[in-house]
Every structure is written in structure tokens, then in C-alpha cells.
Amino acid sequence: MIQQLIGHGAILLGLLFIATGIYSVLAYREFYSRVVITAKVDTVGFITVLLGIMVLQGFSFFTAKVLIILVFEMLTAPMSTHAIAHSAYIAGYRVEREADDEQH
Amino acid sequence: MTFMGWALIAMGVLAVGGAVRIVIGPTVWDRLLGMGLISSKIIVAIVIFAHILDRSFLLDVAIIYSLLGFISSVLIARFIERRSTS
């Protein structure tokens with residue numbers, strides 16, 4: 001019973017995080033703040049949902065595979081958002097001075 | 001609908017939210033960001049779906065999709081960086 005409660009609660013919490021991430025990605029006007037939000041809030045929501053599912057499944061091969069996905073995504077999500085922000089910065093996309101003039 | 005059914009529907013709606021970012025994104029990097037968003041939503045949806053069906057082979061799909069999503073977003077980011085400075 002407790003396992004069900006914790007699992008469903010974690011999934012609900014993770015969905016809330018992901019919803020917050022999506023809302024702030026759409027609501028923010030400036031690109032670089034969107035990248036930070038995506039890297040942080042979205043990944044935390046992802047991790048929470050997967051932890052909830054792991055709790056629901058108990059000890060099995062299923063949980064081991066979900067753990068693999070979790071660890072891999074935790075490693076690569078920051079990397080991919082870093083690559084995006086880095087490429088935007090190198091390509092000369094500056095936001096502070098002209099809001100939307102320097103788009104390429 | 002069960003709780004997991006609603007979770008799947010919620011992931012679908014959130015993925016559409018990511019797609020909206022792709023459509024309205026002013027710069028090309030926003031679109032790339034939206035793609036990363038959508039791929040992580042789809043991975044969570046696959047994991048929830050695998051949990052519903054209680055089949056563990058579906059998770060291999062999620063692993064491979066996560067790999068491809070990561071590699072493609074990094075490569076596209078590198079490609080865009082070179083192309084736009086020329």
C-alpha cells in the first residue's frame with residue numbers, strides 16, 4: 001500500500017515539475033533563461049517520474065532498465081542543453097543589448 | 001481512466017507544449033530546445049506505457065530513443081553553430 005502511495009505521489013510530483021518546465025519555457029521571452037529552465041526543471045521532473053515508476057515496480061529487471069535510462073538521461077540532458085546554449089553563444093546570438101535584432 | 005492513463009495524456013499535452021515552442025521559437029536554437037523537450041517527454045511516455053503493459057522490452061525503445069535524441073541535438077547544435085557564422 002505504501003509502495004503504491006509513494007510511487008503515485010512521485011509520479012504526480014514529477015508531472016507537476018514537467019508542467020512547470022513547459023510553462024516557463026513558453027512564458028519566458030529571452031532564450032538563455034529558457035535554456036536554464038529546460039536543463040533544470042524539466043530534468044528534475046523526468047527524474048521524479050522515473051523514480052516513482054521504479055518504486056511502483058519494485059526490484060526487477062524492469063527497474064534496472066529504468067535505472068539505466070535515468071542515469072543516462074541525468075548525464076546527457078545537461079550536456080545537450082549546454083551544447084545548444086554554447087552554439088547559440090558562439091554563433092553570436094546576444095540578447096542583452098538588442099532584444100531580437102541579432103537573430104541569424 | 002486509470003491514474004497511469006491520465007499520466008500518459010498529461011505527457012501528450014506537455015509534448016504538444018514543447019511543439020508549440022518549436023513552432024513559435026524565434027531563433028533556430030529555440031527550435032532545437034523544443035526538440036530536446038519533446039524527446040524527453042516521449043521517453044517518459046514510453047516508460048509509463050511500459051509500466052502499464054508491464055513489458056520490459058519497451059524500455060529498450062526508450063533507451064535507444066534517449067541515445068538518439070541526445071546525439072542528434074548535440075550534432076545539430078554543432079552544425080548550426082558553424083553554418084550561421086559563415
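A nonpolar patch, as the term is used here, is made of residues with over 30% relative accessible area and no salt bridge, with nonpolar side chains joined within 5 Å. In this predicted model, A:Met1, A:Ile2, A:Leu5, A:Ile6 and A:Val55 make such a patch, with an area of about 540 Å². Helix H1 of chain A, residues 2-27, supplies the largest share of the patch, three residues. A:Val55 belongs to helix H2 of chain A, which covers residues 31-57. Because its relative accessibility is 31%, A:Val55 counts as partly exposed.

H1(A) has 26 residues, and its first and last C-alpha atoms are 37 Å apart, close to the 38 Å expected at 1.5 Å a residue. Its buried residues are A:Gly7, A:Ala10, A:Ile11, A:Gly14, A:Leu15, A:Ile18, A:Gly21, A:Ile22, A:Ser24 and A:Val25. These pack against H2 of chain A and also against two helices of chain B, H1 (3-24) and H2 (28-53).

The corresponding description can be given for chain B. H1(B) has 22 residues and reaches 32 Å from its first C-alpha to its last, close to the expected 32 Å. Buried in H1(B) are B:Met4, B:Gly5, B:Ala7, B:Met11, B:Leu14, B:Ala15, B:Gly17, B:Gly18 and B:Arg21. The cover over the buried residues of H1(B) includes H1 and H2 of chain A, together with H2 of chain B.

What do the two chains bury between them? The area is about 3,800 Å², and 78% of it is on carbon and sulfur atoms. Chain B contributes 43 residues to the contact and chain A contributes 42 residues. How many salt bridges does the rule find across the interface of chain B and chain A? There are three, and a search of the whole structure over all chains also gives three.

One of these salt bridges links A:Arg34 with B:Asp30, whose closest N and O atoms are 2.5 Å apart. This pair crosses between chains, from helix H2 of chain A to helix H2 of chain B. Both A:Arg34 and B:Asp30 are buried.

The side chains of A:Asp42 and B:Lys41 meet in another salt bridge, at 2.8 Å from N to O. This pair also runs from helix H2 of chain A to helix H2 of chain B. A:Asp42 counts as buried because its relative accessibility is 6%. B:Lys41, at 1% relative accessibility, is likewise buried.

A further salt bridge joins the side chains of B:Asp60 and A:Lys65, at 3.0 Å from N to O. B:Asp60 lies in helix H3 of chain B and A:Lys65 in helix H3 of chain A (residues 61-90), so this pair joins two chains as well. Is B:Asp60 buried or partly exposed? Its relative accessibility is 30%, so B:Asp60 counts as partly exposed.

B:Ser56 lies in the loop between H2 and helix H3 (58-85) of chain B. B:Ser56 is partly exposed because its relative accessible area is 27%.

Methods. Residues numbered from 1 in each chain as written. Chains lettered and ligands numbered in written order. Predicted model: local features only at pLDDT ≥ 70, side-chain atom pairs only at ≥ 80, totals over all residues. Heavy atoms only, no water. Patch = residues over 30% accessible without salt bridge, like charges linked within 9 Å, V, L, I, M, F, W, Y side chains within 5 Å. Areas by Shrake-Rupley, 256 points an atom, 1.4 Å probe, with all protein chains shown as cover. Salt bridge = Lys/Arg side-chain N within 4 Å of Asp/Glu carboxyl O. Helix = DSSP H or I, 4+ residues; strand = E, 2+ residues; numbered from the N terminus. Buried < 20%, exposed > 50% of the residue type's maximum accessible area, 1.4 Å probe, protein only. Expected span 1.5 Å × (residues − 1). Contact = heavy atoms within 4.5 Å. Buried area = accessible area lost by both parts, 1.4 Å probe.
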